[in-house]
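Please look at the structure below before reading on.

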Amino acid sequence: MKCFLAKPRGFCAGVERAILMVEKTIEKFGTPVYVRHEIVHNRFVVDGLRQIGAIFVEETWEVPEESVVVFSAHGVSKEVYEEAKSRRLKVIDATCPIVKSVHRSAIKYANSGYSVILIGRQGHAEIDGTLGQLSPGAMFLISSAEEVKSLPAMEKVAYLTQTTLSTEETSDIISALKERYPDIQGPKTGNVCYATANRQSAVRSICKNVDLLLVVGSRNSSNSNRLRELGEEQGVKSFLIDSVEDLTEDMFVNVNSVGISSGASAPEHLVLEIIEWLKEHFNLGDITEVQTVSEDTKFPLPTELER
Ligand code: SF4
């Protein structure tokens, strides 16, 4: 069996920064350090941080007053900041800088009198945080080109997108918005971030050579789900797996060539364990890494956590 590895895969700069921020916060302030929501959507990362003293909670009121809390890479609403302030919490904000820039755009458009349309998936932590930059109900959330028809007639309109959507899906929705509102303002190709776009193009590339795609990532990871969907769209049987424990030999019936990628929050050791499993269970031949672009993006830590 042949094996193709997509590159780039795995951790993005925003995830690396968020994990490091929790570690540095524990180093600086000692335990316990509370983390609101999974710092990134991966249970292995969360379990690892739990072991060094992070306590994960879903709501700010669960954090005892005057404690230290880290906000996750997905970002939070203004209300969450207010609540943290009223509970006198020491906040370390690990929101990815790219998500932060979407927040700033939402506020800028609203202050300039635009109605803001957000393209994204309801219920995702990033979407809750972005919607929460404006007062409740001030932004329109849509997730398909079909939904554009149900939006009201509006004069000044702008759009923003979730950072972890599929690039194709986003461009279809943007086209529908431009048709409906010819003067609409917004980022040309949406706010899909470099890491999401790069992982998608690498998967697209290996799909030409494989008859099974494995995407390593947790079920609640948006960008990992989009990678699996992309594989299916390319006509390749595709599975989203948390780890090697999800693999069974039945998945590989009639498979001569397997492709592997991992979402932006999945650690590389999970990919290496899968390769070892494949070596143990099959006659694994060449392993080819297909690199579509090189990444060197790094986001600095906030000054208070720097050495
Ligand atoms: S996927 Fe993109 S937006 Fe999300 S944390 Fe990574 S770099 Fe930031």
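**Strands, helices and a ligand**

Q: In which sense do strand E9 and E10 pair over 5 bridges?
A: Strands (E, at least two residues) and helices (H or I, at least four residues) are DSSP runs numbered from the N terminus, and two strands pair if DSSP finds at least two bridges between them. Strand E9, which covers residues 212–216, is joined to E10 over 5 bridges, and the sense of this pairing is parallel.

Q: How is the model to be read, and from where are residues numbered?
A: This is a predicted model, in which local features need pLDDT of at least 70 and side-chain atom pairs count only at pLDDT 80 or more, while totals for chains, interfaces and linings use all residues. Residues are numbered along each chain as its sequence is written, from 1.

Q: Which residue in E10 stands opposite Val-216?
A: Strands of a sheet pair through backbone hydrogen bonds, either parallel or antiparallel. In this model, the residue of E10 that stands opposite Val-216 is Ile-241.

Q: Which are the edge strands of the open sheet of 5 strands?
A: The sheet has the order E10-E9-E11-E1-E12, with parallel pairing. An edge strand pairs on one side only, and this holds for strand E10 (237–241) and strand E12 (287–291).

Q: What angle does the direction of helix H8 make with that of E10?
A: Angles run from 0 to 180 degrees between N-to-C directions, and axes are lines fitted to C-alpha atoms, for helices over the stretch in contact; two residues are in contact if their C-beta atoms, placed from the backbone, lie within 7 Å. Helix H8 (residues 222–233) packs on the sheet, where H8 touches E9, E10 and strand E11 (257–262), and its direction makes with that of E10 an angle of about 165 degrees.

Q: How are H7 and H8 oriented to each other, roughly parallel or roughly antiparallel?
A: The axes of these two helices come within 10 Å and cross at roughly 25 degrees. Angles under 35 degrees count as roughly parallel, over 145 as roughly antiparallel, 65 to 115 as roughly perpendicular and the rest as oblique. H7 and H8 are therefore roughly parallel.

Q: Which residues of H8 make the contact with H7?
A: On the side of H7, the contact is made by Thr-196, Arg-199, Gln-200, Val-203, Arg-204 and Cys-207. On the side of H8, the residues are Asn-223, Arg-226, Leu-227, Leu-230 and Gly-231.

Q: Which helix supplies the largest share of the shell around the ligand?
A: 15 residues surround the ligand, the closest being Cys-12, Gly-14, Cys-96, Thr-163 and Cys-193, where a residue is near a molecule or strand if its C-beta atom, placed from the backbone, lies within 6 Å of it. Helix H1 (13–29), helix H4 (97–111) and helix H7 (194–207) each supply at least two residues of this shell. The largest share, 3 residues, comes from H1.

Q: Which residue of E4 is the bridge partner of Tyr-34?
A: Another open sheet has 4 strands in the order E3-E2-E4-E5, with parallel pairing. Within this sheet, 3 bridges join strand E2 (residues 33–36) to strand E4 (residues 68–71). The bridge partner of Tyr-34 in E4 is Val-69.

Q: Where is Pro-32 found?
A: Most peptide bonds are trans. The peptide bond from Thr-31 to Pro-32, however, is cis, with omega near 0 degrees. Pro-32 is found in the loop between H1 and E2.
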